Amino acid sequence: MSQEQELSQEPERSEELVIAAEEDGSRLDRVLAQRVADLSRSRHKALILAGRVAIDGATIRDPGHRVNAGGRIRLDLPPPEETEIAAEDIPLDVVFEDDDLIIIDKPAGLVVHPGAGNWTGTLVNALIHHCGDSLSGIGGVKRPGIVHRLDKETSGVMVVAKTDRAHKALSEAFADHGRTGDLKRAYLALVWGIPTRPTGTIETSLGRAADRVRRAVVPEGRDDARHAITHFTVVKRFGEAQREFATASLVECRLETGRTHQIRVHMAHIGHPVLGDPDYGLAFRTKANRLPEPLKSQVIAFPRQALHAWLLEFRHPATHLTMRFEAPIPRDMEELIGGFRKL
């Protein structure tokens, strides 16, 4: 949409405010971000650049404009644009939904967001169809706000924002990873072997591997190195009394950071890769040959990494109530765990 087209739209909503004495000399985008807090600072900057903000009747297009106490700001928000992503009628397991957010139990095999090689058939395509006009617009576009992701073959509970307000609050919570807030995330992973300690913390730097798709533990000083912390607890050990067989463990992992493939890389790093992991567990695939039937065939046929996001807890961005959601282990992974229980 051109700037002229956007300016010709009638505003869906207008905000008017008077610049306070303590805001004298402050940047315009900062004042708006503090006073109209349901929009992000980047969204305010875009609105200023689009000519949607005036002070005392004069349009201001500079986000860094210094304001004067007593000035009157008017902010006009245009109606959200339609997204270019196609709506698709894909079944969703909706755990909870209100005006601000939606909780999904994502199945394995579903990509979260359109991208190279997956422009259709994604969770976002499904959400645009499911939510319809209840999407108030994220960043000025009618689209769901993805604040965290699960890998295509990882199942489990996810929260998605439906409004700018929810997107801003949830994005900040996930960026903080629960260090100072109420966010909690927990995963269950079926891994090869039995960790020597019942609980532990894995702390490394992660960066791109040679193929640029996978991640790897890298030196801390590398340009793309990102600090990563995973806490794990062994929930169940399998095959301890039968050392001639390959052993496995059900492990709960809690994230203190949220890096791409973090759990998968970290568990492989300590010698206990996730079963079925095609990227970080290939070296352990032959361990299945040491298992008795029918478990051997189960493990060989399992089509994905045995990783499931079972718990998500956070503070609701509008009601500020703590919300907790649990997703039961899906049948394919439960059957695999059941096979190990028989050891």
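Let's start with R315, which forms a salt bridge with D182, the closest N and O atoms being 2.5 Å apart. By salt bridge I mean a side-chain nitrogen of Lys or Arg within 4 Å of a carboxyl oxygen of Asp or Glu. This pair links distant parts of the chain: R315 sits in strand β16 and D182 in the loop between α5 and β11, 133 residues apart. Helices (H or I, at least four residues) and strands (E, at least two) are DSSP runs, numbered from the N terminus.

A word on what you're looking at: this is a predicted model, where local features need pLDDT of at least 70 and side-chain atom pairs count only at pLDDT 80 or more, while totals for chains, interfaces and linings use all residues. Residues are numbered from 1 along each chain as its sequence is written, and side-chain values use heavy atoms, with hydrogens and water left out.

Back to our pair. R315 is partly exposed at 42% relative accessibility, and D182 is partly exposed too, at 28%. For these words, buried means under 20% relative accessible area, exposed over 50%, and partly exposed in between (1.4 Å probe, protein chains only).

How many salt bridges does the structure hold? There are 22. Take D100 and R165, whose closest N and O atoms are 2.7 Å apart. D100 lies in the loop between β6 (94–97) and β7 (101–106) and R165 in helix α5 (residues 164–176), so the bridge ties together parts that are 65 residues apart in sequence. Is D100 buried or exposed? D100 is buried, at 7%, whereas R165 is partly exposed at 39%.

Next, E16 bridges to R74, with the closest N and O atoms 2.7 Å apart. Here strand β1 (residues 13–18) holds E16 and strand β4 (residues 72–77) holds R74, 58 residues apart. E16 is exposed at 59%, and R74 is partly exposed at 34%. There's also a salt-bridge network linking D151, R264, D277 and D279.

Now for the inside. Strands β11 (184–192) and β16 (307–315) each supply at least two lining residues.
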